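Have a look at the model first, and then follow along with the viewer open.

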Amino acid sequence: MISLKRRDILRSGVAAAAFVSSIGRSWAQDRKSVRIGYAISKTGPNAGGAGITTLPNYLLWAKEVQDAGGLELPDGSRLPLEVVEYDDRSSAEEVVRAVERLANEDKVDFILAPWGTGFNLAAAPLFDRYGFPQLAVSAVTDKAPQFVQRWKKSFWMLGGGHDYAKALATIIAEASKAGTLNGKVAMVSVADGFGIDLVTAARPAFQAAALEIVYDKTYPIGTSDFTPMINEAKASGADSFVAFSYPPDTFALTQQSQIADFNPKLLYLGVGTSFPVYSKNNGANATGILSLGGVDPTSEANADYRTRHEAATGIAPDYWASVITYASLQMLQEAIRRKGLDREAVAAEIASGSFETVLGETKLEDNQLRKIWWVGQWQNGKFVGVAPGDHAGASPLILPRQAWQKA
Amino acid sequence: MLVTAILSGLVLGGTYALLAMGLTLQYGIARIMNLAYGELIIVAAFLAYTLFATLGLSPVWTLFIAIPAGFALGWGIYGVLMQPLVRRARTPAGLEIDSILATFGLLFVIQGLLLVSFGANFTSYSYLNVAVDVFGTKLAANRLIALALAVVLGGAIYFALTRTLWGTALRAVSVSPVSASLVGIDVDRAARTAFALGGALAAAGGVVISMYQTFTATSGVVFTMKALIIVIMGGVGNILGALSAGLVLGLAETLVATYVDPGLTLATTYGLFIAILLWRPTGLFGRAAR
Amino acid sequence: MTSRLLCQITGFLTIIIALTALPFFVGPYTITLMIGMLGYVALAIAWAMFSGPTRYVSLATVAFFGIGAYACAVFNESLPYPLLLLVAGLIGLAVALVVGLATLRLAGVYFVIFTFGLAELVRQLVTWFEVNITGTLGRYIFLPVTPEGIYWQLLALSAFAFAISWLIGRSRLGLALKVIGEDEVVAAHCGIAIARIKLALFALSAVIMTLVGAIQAPRWTYVEPSIAFNPTISFLTLIMALLGGANRLMGPIMGAVPLFLLFEWLSANFPNHYSIILGLVFITIVFVLPNGVLDFVEKGLTHRITAAAKPAEVQK
């Protein structure tokens with residue numbers, strides 16, 4: 001585990017930078033470092049999510065840039081990173097204040113996005129006012145096109161509820177047409193931003209795909225016992241079960257479905273399914289379970305990224321937003337290499353440029369990343385992308401999933 | 001369906017009761033409003049997880065380590081942190097505020113230590129997640145353990161409190177510390193014992209729930225609040241009250257989830273809690289006046 | 001006496017005027033800092049207004065704060081801004097009256113937990129309503145309010161709350177409250193309408209809390225129940241007021257300002273050990289300053305004065 005203290009000036013590359021800058025001119029002469037700041041939930045209810053998807057990638061990236069001798073600038077010189085880190089304590093007011101502080105007091109060159117849809121929105125007006133590009137990864141929102149209009153330098157990289165719901169509806173509808181499934185769906189959702197966004201998108205999407213929703217309930221965040229819902233879903237006659245859930249719910253649903261001997265042919269669970277710990281805890285039982293996200297199992301860049309992530313931070317990345325977070329940092333890094341520290345130019349480059357990242361060739365459309373995996377499935381101990389099926393590296397979907405194996 | 005709902009409600013209630021019984025001892029007898037109670041639960045959960053993940057030790061065995069360790073921890077916390085506050089407190093209200101503030105600080109300290117040592121990630125493992133058939137309803141063995149433990153520990157403590165001299169002394173302290181000391185009861189020691197017992201119960205609860213519930217270094221507050229509600233509903237210091245309030249709450253949540261709307265379970269919890277308080281301002285089994 | 005009163009009022013007005021002029025001299029970060037601080041100052045004053053004299057420890061702060069924030073989010077597109085605040089305040093008032101009528105007969109820790117339950121109940125009901133009736137969760141607030149605007153509003157609100165506390169302290173009402181706090185039975189025998197006074201104070205303090213939420217919400221752009229009803233707010237308000245001394249006029253301010261700055265400093269300088277240090281600071285406060293900062297300062301002074309005169313009388 002590496003841990004960065006605030007203003008922990010990572011000077012490992014200072015000597016190298018000094019050498020390089022003596023060849024290239026300008027940049028390194030008027031400044032000694034590039035300041036990167038971010039506010040992230042290290043405590044409070046959001047710390048669990050931020051701690052797996054966002055923070056480790058920020059640390060990994062900072063370490064790698066430093067090991068490489070610093071951030072490369074257009075003239076080929078390198079400047080070491082100076083990282084300023086704040087804890088937003090899972091409070092919107094703290095996010096706002098921390099971003100103000102980063103922009104005005106610490107005078108950082110770039111600010112990395114906070115974790116979560118709500119906090120990215122809370123921070124967006126400030127990023128906009130001070131002219132910082134905002135690479136919002138851990139934010140699922142259908143309103144991204146409007147936000148892009150409002151905040152020109154905001155980038156939304158994880159799609160919206162409709163994208164995920166539509167892809168799932170297509171999968172269920174096709175399997176029902178083929179006779180694998182019976183066209184009936186039972187679904188539950190967590191009464192919080194993510195769950196409601198997805199379920200409100202899923203209802204029309206399922207109906208448009210001529211699927212019958214036979215059970216549709218929402219449960220409060222923090223629910224620990226899902227037995228009543230599982231029993232109802234089991235009795236409903238649906239053989240597709242969809243849960244737009246948060247990690248603790250996802251884990252509990254998995255365990256309690258096994259107890260209740262609930263074996264839907266298609267099982268789709270929410271956030272947490274793509275965590276490495278999910279497969280570790282459930283072993284072969286994870287196989288066939290669907291969720292959001294996924295990776296291309298044949299991609300060497302991705303496999304290499306996963307190895308480096310685990311080596312640097314001590315934990316494995318998740319199979320959904322982690323790799324995209326890292327890719328967003330690579331884009332920022334490359335845009336700085338091309339355009340320097342001018343935020344305006346960097347933002348324009350991120351919007352229009354094409355980048356080679358761990359995701360492969362990456363290019364934004366209307367400030368949004370659209371080429372991502374909407375549905376993934378656990379296959380052979382990996383969570384692989386299955387939809388959209390025409391996406392390079394897509395794995396074939398396996399349905400129906402096997403019944404729970406008794407331990 | 002009804003039988004299923006009732007049985008799963010009781011099992012859920014067992015977890016709630018197990019989590020609340022320690023707090024009712026700490027608050028009812030030792031008169032310490034322990035806001036860091038949930039953190040003790042989480043510490044025990046991490047202990048069980050670590051032993052399971054590194055040594056493969058069954059959480060059931062961890063109980064035998066955790067319960068004495070929880071007792072010792074409670075004993076220590078009381079001695080170091082609470083005793084000076086109790087000694088200088090002139091009024092019960094003053095002690096209440098002091099203990100809220102001090103244990104609020106303790107909450108942050110424990111949380112911070114957990115964050116530094118385990119990080120903020122969701123922690124979960126699965127143990128004894130096997131179905132047990134009870135009257136045709138499939139229940140999880142790990143949750144049944146929680147229910148059984150709640151009933152056994154609750155019963156044992158109730159028995160000890162009502163049938164032994166030692167227990168009578170503890171109850172005397174809970175009724176009136178001043179009069180108790182007049183009849184020769186070592187109030188300080190009694191309170192310390194009760195607080196330590198509460199710690200032991202919290203540790204037992206933490207170990208058991210870690211088998212089936214996902215937790216993080218910062219989720220202790222959730223447990224404290226659930227426990228507080230049950231303690232208040234059941235009457236402060238009343239162990240059987242906590243047990244039955246926990247079961248009632250579990251039943252209510254499950255019945256509402258089954259027959260009304262799973263979205264209203266928590267609203268039911270708080271609604272029920274508020275209704276009981278308005279109906280009987282000192283809880284289901286509380287004394288008429290404090 | 002009157003000249004002293006004049007001095008106090010002049011001092012108060014000078015401070016308010018100086019603070020009003022502040023945005024013209026400082027940078028945006030200071031404004032942000034002041035917004036956060038004034039928010040807590042107003043909350044702590046409002047909290048102490050009810051809880052100080054009655055000794056009812058309330059954790060319902062965030063229930064009203066959240067209602068304000070949510071009212072702002074719900075009506076920000078349909079109502080003009082000043083009316084928005086008025087409506088938010090009225091909603092807070094209505095909820096406070098209903099809750100107050102039902103619950104002020106609870107005492108001690110039952111009231112503490114009840115108010116916490118109330119905050120959670122409101123949050124659950126809002127969530128359920130949004131999910132099932134409106135079908136969205138999370139609302140957007142796009143209001144053209146500048147940080148300076150928010151700052152001035154919070155300043156005005158804090159000043160108003162402070163002035164009200166001061167007036168109550170000087171009035172017959174304040175005297176009645178003191179009697180209630182000492183002994184309710186005695187108060188009832190003196191012919192004090194306990195229930196009505198308690199209810200009025202509870203409602204007043206709730207309206208101020210609601211307004212703090214409504215004024216601050218536009219800064220977040222996006223509001224959802226987990227953001228608006230963050231229980232930490234209740235706890236921090238309580239700690240701040242108690243630290244300063246809830247029974248004193250200056251108490252809430254003396255608690256809120258240093259604690260807020262301490263939190264900010266800790267989270268900036270020790271992001272990884274913030275919790276541990278914060279916890280230790282709390283414990284230290286309880287042990288070293290048992291009756292709040294103001295009490296400590298006053299005792300310290302009298303200690304020094306009396307120590308010179310009568311050494312034997314000091315230890316008490």
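**Backbone details and chain contacts**

1. A:Arg89 sits in the loop of chain A that runs between strand S5 (81-87) and helix H5 (92-104). Helices (H or I, at least four residues) and strands (E, at least two) are DSSP runs, numbered from the N terminus. This is a predicted model, in which local features need pLDDT of at least 70 and side-chain atom pairs count only at pLDDT 80 or more, while totals for chains, interfaces and linings use all residues. Residues are numbered from 1 along each chain as its sequence is written, and chains are lettered from A and ligands numbered from 1 in the order in which they are written.

2. Do check the backbone at A:Arg89: its phi is near 55°, a positive value in a residue other than glycine. A:Arg89 counts as buried, with 24 C-beta neighbours inside 10 Å. For the cut-offs, a residue is buried if 20 or more other C-beta atoms lie within 10 Å of its own, exposed if 12 or fewer, and partly exposed in between, with C-beta atoms placed from the backbone.

3. A:Asn367 also deserves a look. Although A:Asn367 is not a glycine, it has a positive phi of about 60°. It belongs to the loop between S15 and strand S16 (375-379) of chain A, and it is buried, with 25 other C-beta atoms within 10 Å.

4. Two proline peptide bonds in chain A come next. The bond from A:Ala387 to A:Pro388 is cis, with omega near 0°; A:Pro388 lies in the segment after strand S17 (382-387) of chain A. A:Leu399 and A:Pro400 are joined by a cis peptide bond too, with omega about -10°, and A:Pro400 is found in the segment after S17 of chain A.

5. There is a hairpin to view in chain A. Strand S14 (residues 354-357) and strand S15 (residues 360-363) of chain A pair in the antiparallel sense over four bridges, where pairing requires that DSSP finds at least two bridges between the strands. Two residues lie between S14(A) and S15(A) in this hairpin. Within the pairing, A:Phe355 has A:Thr362 of S15(A) as its bridge partner.

6. Now chain A as a whole: it has 15 helices and 17 strands. Its radius of gyration is 22 Å, close to the 22 Å that the globule rule gives for 407 residues, so chain A is as compact as a globular protein of that length. That radius is taken over C-alpha atoms, and the rule is 2.2 Å times the number of residues to the power 0.38. Along the principal axes, the C-alpha atoms of chain A fill a box of roughly 70 × 40 × 35 Å. Buried residues make up 62% of the 407 residues in chain A.

7. How many residues of chain C are in contact with chain A? There are 30 of them, in contact with 30 residues of chain A; contact means C-beta atoms, placed from the backbone, within 7 Å. The largest share of this side of chain C, five residues, comes from H2(C). By class, the side has 11 nonpolar, 17 polar and two charged residues. Here Ala, Val, Leu, Ile, Met, Phe, Trp, Tyr, Cys and Pro count as nonpolar, Asp, Glu, Lys and Arg as charged, and the others, Gly among them, as polar.

8. Toward chain B, 33 residues of chain C are in contact with 38 residues of chain B. H5, helix H11 (232-244) and H13 of chain C are the elements that give two or more residues to this side, and the largest share, 14 residues, comes from H5(C). The residues on this side of chain C divide into 22 nonpolar, eight polar and three charged.

9. Finally, find C:Leu106 in the loop between H4 and H5 of chain C. C:Leu106 is buried, with 20 other C-beta atoms within 10 Å. Not counting residues up to four places away in sequence, C:Leu106 touches B:Leu277, B:Pro281, C:Phe111 and C:Phe114. C:Leu106 and C:Tyr56 are 50 residues apart in sequence and 9.1 Å apart in space, C-alpha to C-alpha.

How values were computed
Contact = placed C-beta atoms within 7 Å.
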